[in-house]
Each structure stands twice: as C-alpha cells, then as structure tokens.
Amino acid sequence: MSITVRNVTKRFGNSAAVDDVSLEVPTGSLTALLGPSGSGKTTLLRIIAGLEVPDAGSVQFLDEDVTDRAAKDRNVGFVFQHYALFRHMTVFENIAFGLRVRKRPKAEVETRVNELLKLVRLEDMGRRLPSQLSGGQRQRVALARALAVRPKVLLLDEPFGALDAKVRAELRTWLRKMHDELHVTSVFVTHDQEEAFEVADQVVVMDHGVVQQAGSAQDVFEQPANRFVIDFLGHVNVFHGRVQDGVAHLHGMEVAYPEYPHSESRAATVYVRPHELEVGRKQESGSAVRARIQHVHPARSVVRLMLAATNLNLPIHVDMAPDRFAALQLAPGDEVFVWAKQARVFIPDDYEI
C-alpha cells in the first residue's frame with residue numbers, strides 16, 4: 001500500500017502548518033518525517049491518518065483517493081507518543097480492543113492477540129495492566145494494538161520520544177526488525193536524527209511546512225539539498241570566504257568548487273562535518289588552516305577535538321580515528337594544521353554543490 005500526498009496545504013489561522021507538500025511513500029517502506037518543532041511533520045502525519053482535513057491537495061492510498069474519507073474508514077494504525085493505552089484494561093484486552101469493536105469471533109481475537117504478544121516479546125504479560133509495565137513495554141503494547149486489525153498503513157507520532165536513550169535505542173532496533181518481518185507501509189515522525197537515519201528507508205526533512213529534501217538516509221546525509229538540511233543535521237563546521245575560478249578560499253584553506261568557474265569573486269559559505277576534516281602536525285595538504293587544540297574528548301569509536309583557528313575567531317570541531325590520534329600524539333595546547341577532505345559549498349543565487 002503506497003501513500004501519495006499531492007500539493008497538500010493546511011493552515012491554522014494565518015500560518016501554514018503544511019504548505020503545498022507532495023510526497024511519495026513506497027509500498028512496504030518505512031519513512032521518517034524529520035524536522036524541528038513546528039516544521040509541520042505531525043500535521044502531515046495526521047492528514048495522512050485522516051485526523052486532520054487539508055485545505056487543499058489530496059491523499060491517496062495506492063490509487064484510491066482517501067482525502068475525504070474519515071480516519072475510521074482508512075484502515076490506518078496510529079501510535080501516539082504517550083501510548084494512549086486503556087489503564088483499566090489488561091495488556092491482552094488493550095490489544096484486542098480494535099478486534100472486539102469490529103465484532104471478530106472470540107477464537108480469532110485470541111489467536112491474533114497471542115500472535116502479536118509473541119511479536120512484541122510480551123508473551124507472559126497479557127494479564128498485566130499498563131501500570132505494571134515499563135515505558136518500553138507499554139509502547140510495544142501500543143504498537144501491537146495498532147497492528148491488531150491488520151492496517152494498510154502504520155503511522156507513528158514520535159513513538160519513542162517519552163523514553164530514555166537506552167530504551168529508545170533498543171526499540172529502534174526492534175522496530176526495524178519488526179518492519180522487515182511485516183512489510184507494512186509505515187510513516188513515523190521524529191526530531192531525532194539518529195533515529196531517522198538508523199531506522200528509515202526514506203528520510204523526509206521538513207521545515208516551516210515545506211519538504212526540504214526527501215531521499216534515502218545515505219543521500220540526505222551525504223548530499224544535503226540546501227543549507228537548512230546540512231545545518232539541521234548538525235555537527236558541522238561553517239567557514240566563510242570567497243569563491244572564484246572554481247576554488248573557494250577560506251582564510252588559508254582552499255576547496256575545489258568547479259560549479260563556479262567564473263572570475264568574479266563571490267561570497268561563499270562552506271560546510272564541513274567534523275569527520276571530513278583532517279589534522280596534521282605538518283601542512284600535508286596544499287592548503288590548510290593553522291589551529292591550536294583546546295580540548296580532547298575520547299568518544300567511543302572516535303576522538304573529538306575542539307580547536308581554535310589561529311588569528312581567527314573560529315572554533316573548529318574534528319572527529320578523528322583513535323589510531324590516527326595516537327600516531328600524532330596530540331594534546332591540548334598543540335598547534336596543528338587542519339584541512340578538508342570533503343566539503344559542501346553554498347553561494348548566492350542557488351549555486352550549490
């Protein structure tokens with residue numbers, strides 16, 4: 001069951017929560033709507049679910065227009081951030097609720113609920129109340145309840161937002177595995193970049209009600225469409241300089257930019273992620289920025305350096321492999337050279353890498 005959103009707009013007062021958004025969610029895929037608070041991602045999810053009515057545009061499931069169809073008639077499973085479980089019902093009855101409303105036979109209800117309890121690894125907890133479960137267990141019950149009626153589409157609104165970091169990481173892995181088993185077309189809202197890139201087949205980055213970029217996790221991360229995307233994805237160094245004759249000049253460091261071969265000098269902003277910078281005690285590259293190490297922080301598989309560019313009021317963050325760090329024997333106070341292995345250049349008038 002694919003989802004097609006075409007030119008959808010939704011306004012609240014004078015503000016457009018979703019502004020002329022078009023989006024394709026392929027059948028069986030897991031798509032993340034990623035963006036800051038107020039970007040429109042939850043409103044878009046609710047429009048897909050039928051919980052909000054768009055002011056313009058359409059929503060299709062496969063080739064069927066469901067824009068004017070009520071939420072209860074769309075066969076959508078919806079999972080909220082705060083579980084929304086019935087506190088007076090057992091885990092079993094929470095999962096069975098949708099089936100009982102549809103007056104399914106007792107034997108079918110029991111079989112289906114037991115299947116889902118096994119799927120969410122809660123086989124022995126069917127008789128417990130939600131208050132007797134951990135947050136992660138309650139969220140798995142909410143997922144099982146949404147899946148009980150075999151929905152065409154599964155929609156999740158920040159499903160792990162209320163959980164601590166360790167539980168979130170565990171549930172991300174579990175959700176991906178579950179999705180690979182069921183292949184139900186799914187869309188989830190998140191502001192957690194790590195969550196989106198780890199779990200989703202497709203990442204849709206939104207801001208101010210507009211889709212800034214949609215693509216695979218790898219494409220969005222490695223080929224950001226614009227300044228907002230690369231800045232939102234965070235952990236990026238920003239250098240300001242000039243571009244001329246196919247080269248961006250950044251206070252001693254140069255970056256090739258063949259997309260602008262003109263002799264007229266223009267202002268340029270260059271974004272470089274910490275792992276895309278190299279550090280050496282000598283100027284091993286043709287161009288480099290001189291800097292001094294201020295702080296060293298070993299962080300799991302990388303060593304994170306905070307440097308200050310010499311003669312510039314500019315902090316520089318570098319992620320370095322531990323073996324490279326050990327070979328250079330770096331320490332706070334050392335003077336080093338920094339150069340870019342990879343960079344993204346943005347200049348006015350939409351000249352972009």
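**Notes on the cores and pockets of this predicted model**

1. The largest nonpolar core has 48 residues, and those with the most contacts inside it are Ile95, Val113, Leu154 and Val203. H4 gives the most to this core, six residues. A second, separate core holds 35 residues, including Ala248, Val270, Ile293 and Val318. Here a nonpolar core is a set of buried Ala, Val, Leu, Ile, Met, Phe, Trp, Tyr and Cys residues joined through side-chain atoms within 4.5 Å, and buried means under 20% relative accessible area with a 1.4 Å probe, protein chains only.

2. A word on the source: this is a predicted model, in which local features need pLDDT of at least 70, side-chain atom pairs count only at pLDDT 80 or more, and totals for chains, interfaces and linings use all residues. Residues are numbered from 1 along each chain as its sequence is written, and side-chain values use heavy atoms, with hydrogens and water left out.

3. Val203 is worth a look in the viewer. Leaving aside residues up to four places away in sequence, Val203 touches Ala32, Leu34, Ala196, Phe197, Gln213, Ala214, Gly215, Ala217 and Val220 (contact: heavy atoms within 4.5 Å).

4. Now the largest pocket, with about 710 Å³ of space. Its lining has 22 residues, and Gly234, His235, Pro274, Arg304 and Asp319 are the closest to its centre. Helix H6 (193–199) and strands E16 (289–299), E17 (302–309) and E18 (315–320) each supply at least two lining residues. By type, the lining of the largest pocket divides into nine nonpolar, eight polar and five charged residues. A pocket is an open set of points on a 1 Å grid where a 1.4 Å probe fits, with protein on both sides within 12 Å along at least five of seven lines; lining residues have an atom within 4 Å of a point.

5. The second largest pocket has a volume of about 580 Å³, the space filled by probe spheres set on the grid points. Of its 20 lining residues, Val76, Gly77, Phe78, Arg102 and Val149 lie nearest the centre. Strand E6 (76–79), helix H2 (91–101) and helix H4 (135–147) each supply at least two of the lining residues. This lining divides into 14 nonpolar, three polar and three charged residues.

6. Finally, the whole chain. There are nine helices and 21 strands, taken as DSSP runs (helices H or I, at least four residues; strands E, at least two). Of the 353 residues, 50% count as buried. Among contacts between residues at least 6 apart in sequence, 66% join residues at least 24 apart.

Technical notes. Nonpolar A, V, L, I, M, F, W, Y, C, P; charged D, E, K, R; others polar.
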